[in-house]
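Let's take a walk through this structure, one stop at a time. Have a look at the picture below, then read on.

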Amino acid sequence: MMRYYSKSELAQMAHVSYSTFYRYLFSRREELAKMGISIYAKKLPANVVRYVCKDYCIDL
């Protein structure tokens, strides 16, 4: 079972700065909107975390 992750936690796991990770999310904003999440959300739900981890090659 996956938990909600903050964008800063995911940025740390990806070994990039928050601003770099935010730019990545911004480039995927249409796909995230289809999933029902805004790039301005504080915490990302499990389905979005799964997508981001697969797309950005983050190991959980």
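## H15, out in the open

H15 is exposed, with a relative accessible area of 72%; exposed means over 50%, buried under 20% and partly exposed in between, using a 1.4 Å probe and protein chains only. You'll find H15 in the loop between α1 and α2, just after α1. Helices (H or I, at least four residues) and strands (E, at least two) are DSSP runs, numbered from the N terminus. Phi of H15 is near 60 degrees, a positive value in a residue that isn't glycine. For background, most residues other than glycine have a negative phi.

C57 sits in the segment after α4 and is exposed, with a relative accessible area of 67%.

## What you're looking at

This is a predicted model, where local features need pLDDT of at least 70 and side-chain atom pairs count only at pLDDT 80 or more, while totals for chains, interfaces and linings use all residues. Residues are numbered from 1 along each chain as its sequence is written, and side-chain values use heavy atoms, with hydrogens and water left out.

## Helix α1 and its buried side

Which residues of α1 are buried? They are K7, L10, A11 and A14. Around the axis they cover an arc of only 105 degrees, which puts them on the same side of α1; the arc is that of the directions from the helix axis to the C-beta atoms.

Setting aside residues up to four places away in sequence, L10 touches Y5, F21, L44, V49, C53 and I58, where contact means heavy atoms within 4.5 Å.

## Where α1 meets α2

How do α1 and α2 pack, and at what angle? The angle is about 105 degrees, and the axes are 9 Å apart. That makes α1 roughly perpendicular to α2. Axes here are lines fitted to C-alpha atoms, for helices over the stretch in contact, and angles run from 0 to 180 degrees between N-to-C directions. Angles under 35 degrees count as roughly parallel, over 145 as roughly antiparallel, 65 to 115 as roughly perpendicular and the rest as oblique.

On the α1 side, K7, S8, L10 and A11 take part, and they meet Y18, F21, Y22 and L25 in α2. By class, this contact of α1 with α2 has 6 nonpolar, 1 polar and 1 charged residues. Ala, Val, Leu, Ile, Met, Phe, Trp, Tyr, Cys and Pro count as nonpolar, Asp, Glu, Lys and Arg as charged, and the others, Gly among them, as polar.

## Helix α2 and its partner α4

In α2, the buried residues are F21, Y24 and L25. Seen down the axis of α2, they fall within an arc of 100 degrees, so they line one face of the helix. They pack against α1, α3 (29–34) and α4.

Helix α2 (residues 18–27) packs against helix α4 (residues 46–56) at an angle of about 105 degrees, with 12 Å between their axes. That makes α2 roughly perpendicular to α4. T20, F21, Y24 and L25 come from α2, and Y51, V52, D55 and Y56 from α4. The contact of α2 with α4 divides into 6 nonpolar, 1 polar and 1 charged residues.

## The nonpolar core

The largest nonpolar core has 17 residues, and L10, F21, L25, L44 and V52 touch the most other members. A nonpolar core is a set of buried Ala, Val, Leu, Ile, Met, Phe, Trp, Tyr and Cys residues joined through side-chain atoms within 4.5 Å. Two or more residues come from each of α1 (7–14), α2 and α4, and α4 gives the most, with 4 residues. In soluble globular proteins, nonpolar side chains tend to be buried together.

## Around strand β1

S6 lies in strand β1 (residues 5–6) and is buried, with a relative accessible area of 12%. Leaving out residues up to four places away in sequence, S6 touches K42 and K43. Y4 is in the segment before β1. Apart from neighbours within four places in sequence, Y4 is in contact with E9, K43, L44 and P45.
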